[in-house]
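This report is intended for a reader who meets the structure for the first time. Please look through the sequence and the model before reading on.

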Amino acid sequence: MPRHEGVRWRPGTDSQGADPLLRVRNLSVTLPTRRGDIKAVDGVSFDVLAGSALGLVGESGSGKSILLRSILGLLPGEARVSGEIYLEGQELNALAPKQRAMSRGKAISVIFQDPMTALNPVRRVGAQIAEGPLVHYSLRRSAARARAVELLSEVGIKDAAEVARRYPHELSGGMRQRALIAMALACDPKIILCDEPTTALDVTLQKKIIELLKKLCLDRGVALLFVSHDLAVISELCDFVNVMYAGQFVETGLVSQVIANPRHMYTWALLRSLPPVDGPRVAPLSIGGLPPDRLHPPSGCRFHPRCPVAQPRCTALPYNLKDVGQGRRSACIFGDAALPVPQEESGVAR
Amino acid sequence: MTSVTDGELQPQPLAAGDGGIDAAPDGAIRRRRSAKLIVGLGILCVYVIMAVLAPVVAPYNPLAQQIPDALAHPSLHHLLGTDQLGRDVLSRIIYGARVDLVAATAASVGACMVGTLIGLLTGYAGGWLDVALTRVMDMVQTIPSFTLLLVLLLVLGPGARSLVIALIVTHWVVYARLIRGSVLTLRSQDFISAAWLAGLRVPRILLRHLLPNVGRQAVTYLASDIILAVTAIASLGYLGIGIQPPTAEWGSMINDGQDFLSSNWWLSVAPGVVVVLLGLGLALVSDSFNERKDRL
């Protein structure tokens, strides 16, 4: 794992040298549509080390959610998946359905985007949280209930015993999201997959939930695979980030380094589209053009039609995610050194 | 009646503000709804009491024949007269509740359970199981249900038990379709995915996660389905292929009285009214269930 070399991990985890917790190799997902096949995820490979947090960032339609769902086995029946997914060294697709069911919920759990639809509307919150421990640890009902209450108070809900008896519609959005986190933690998973869990919340709440998630995962050494379109959220929560564009990774590396010094023009444009919090006041720039046509993706670098510094060869060079030092990788021809950022940044503005 | 008209003509004094204007019709609607429910439940109570306490309430044995007294007109001895074999009509109607009400309830509840289970299974499992069972549902629904009932009764033979089985066979399809449709939309929701991802087994997902979401629909339909079952049982009795004489059953009583319509019309009309009133009571109750559901 050259790209992880020299990086100090969080205290309490012994991930160095060990097998990665989650290893994905050459994963592709093809979705057939009436107009043709869409390669939603196009040959991505990555590792999530035990206790670390990896963010996947990309715009709508970049394939990040499909990628997450393909790891969970939640894709629609017509989707075709190729590649390998290893969880703790075991290939998931090679497991018998029964074993795979046991790995779900125990080793892997998930937090969905919309706290409204992720809880069963007609069952009490406590019972829903207790169900995982009930099934996986064969606890008695009362013990499982007690565990649910304990989890609820751990995610910062006051009167946990009372809240456990409520139905989801009697909870506020923030409480529902906390309940979902409690549910995800209920069986002590090794990794939690998050599909934009804070998108449905307002910004203050978002910050609180992110902090909670970060604290709980650090305390318990739980790894995170966090999908979001929001670089700010990922930079706060994650150790690594993989930037995704049109089904491919265009840049990977430590979050702090990627943000301070992007090595792909798409990452740069993405960062430039956020208003700076400190420093001189500069107007944010939108990324020009339209998201790529996923049915007929652009040739060469898929970002070249929208890239302010695109070269003629960008339209032809094959995709190549190459090492650019410091454990970082980039698919940009300028990735080896600092990017030739346009002086007059009008190139990316409309 | 008069009190209702009075209420409409002289609206109660309204509190100042918009809330008062809105509150009055709302209150009226709610009162009408609960009146529906109370009247319906009252009617049903009478029938249930008739069925449960038949030996206490009925003045005579429903099967006792007193040929000399045959075709007596209503009197203090026989409130609804006697039939052609001298049996007390009122007692036969009261005992009939035991047969008709119990058979209708058993058939509807049975169809509801069978249909709900099959609907849950096909909706959630999908694949060949769904295709196969949906085709079976199509087949059952293509055949006119009454024809299917007749054929099943011919095969199974007459009697209460075969009547209930035949009704279940013809009625489960509606429940199954209803539940299957709801499950199809629920299946793709995150909380069902989450239950599956938590490693729960299929029976648990079906019964603990999906059933509470769809059970209400099945029960609401059940309330109106019982009416169909009651009329089906009475119709089959009328045709002489349902529950067999000498058991007191409303449909066959209507048929028996038919020959004496000109002289003793009440022989047919009384059990007919009893069937209609039961239908009305059930309809009122199921109606107010439906309205209540809308409000939630």
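In which sense do strand 1 and strand 4 of chain A pair, and over how many bridges? Strand 1 of chain A and strand 4 (residues 80-87) of chain A pair in the antiparallel sense, over seven bridges. Two strands pair if DSSP finds at least two bridges between them; helices (H or I, at least four residues) and strands (E, at least two) are DSSP runs, numbered from the N terminus.

This is a predicted model, in which local features need pLDDT of at least 70, side-chain atom pairs count only at pLDDT 80 or more, and totals for chains, interfaces and linings use all residues. Residues are numbered from 1 along each chain as its sequence is written, while chains are lettered from A and ligands numbered from 1 in the order in which they are written.

**The sheets of chain A**

Strands of a sheet pair through backbone hydrogen bonds, either parallel or antiparallel. In chain A, an open sheet of four strands has the order 2-1-4-5, with antiparallel pairing. Strand 2 and strand 5 (90-91) of chain A stand at the edges with a single partner strand each, so one side of each has no neighbour in the sheet. Strand 1 and strand 2 of chain A form a hairpin with two residues between them. Helix 1 (residues 64-72) of chain A lies across strand 1, strand 2 and strand 4 of chain A and runs at about 70 degrees to strand 2 of chain A. For such angles, axes are lines fitted to C-alpha atoms, for helices over the stretch in contact, and angles run from 0 to 180 degrees between N-to-C directions.

| Strand pair of chain A | Sense and bridges | Facing residues |
|---|---|---|
| Strand 6 and strand 7 (residues 191-195) | parallel, four bridges | A:S109 and A:I192 |

Both faces of strand 6 of chain A are covered: A:I108 and A:V110 on one side, and A:S109 and A:I111 on the other, are all buried. A residue is buried if 20 or more other C-beta atoms lie within 10 Å of its own, exposed if 12 or fewer, and partly exposed in between, with C-beta atoms placed from the backbone.

**Domains and core**

The domain assignment of chain A gives domain 1 (2-107 + 211-347) and domain 2 (109-188); such bounds come from an automatic or database domain assignment. The C-alpha centres of these two domains of chain A lie 30 Å apart. Six residues of domain 1 of chain A are in contact with nine residues of domain 2 of chain A, where contact means that the C-beta atoms of two residues, placed from the backbone, lie within 7 Å. On the side of domain 1 of chain A that touches domain 2 of chain A, helix 7 of chain A gives the most, with three residues.

The largest nonpolar core has 102 residues, and A:I129 and A:L152 are among those with the most contacts inside it. A nonpolar core is a set of buried Ala, Val, Leu, Ile, Met, Phe, Trp, Tyr and Cys residues joined through C-beta atoms within 7 Å. Helix 6 (residues 173-185) of chain A gives the largest share of this core, eight residues. Both domain 1 and domain 2 of chain A give residues to this core, so it lies between them.

Is helix 3 of chain A largely enclosed or open? Ten of the twelve residues of helix 3 of chain A are buried, so this helix is largely enclosed by the rest of the structure. The buried residues include A:I129 and A:L134. Leaving aside neighbours within four places in sequence, the contacts of A:I129 include A:L152 and A:A182. Just after helix 3 of chain A, A:S138 takes a positive phi of about 40 degrees.

**Chain B and its interface with chain A**

The secondary structure of chain B comes to eleven helices and zero strands. Of the 296 residues of chain B, 36% count as buried. A second, separate core of 60 residues includes B:C112 and B:L282.

Between the chains, 21 residues of chain A are in contact with twelve residues of chain B. Helix 2 of chain A gives the largest share of the side of chain A that touches chain B, five residues.
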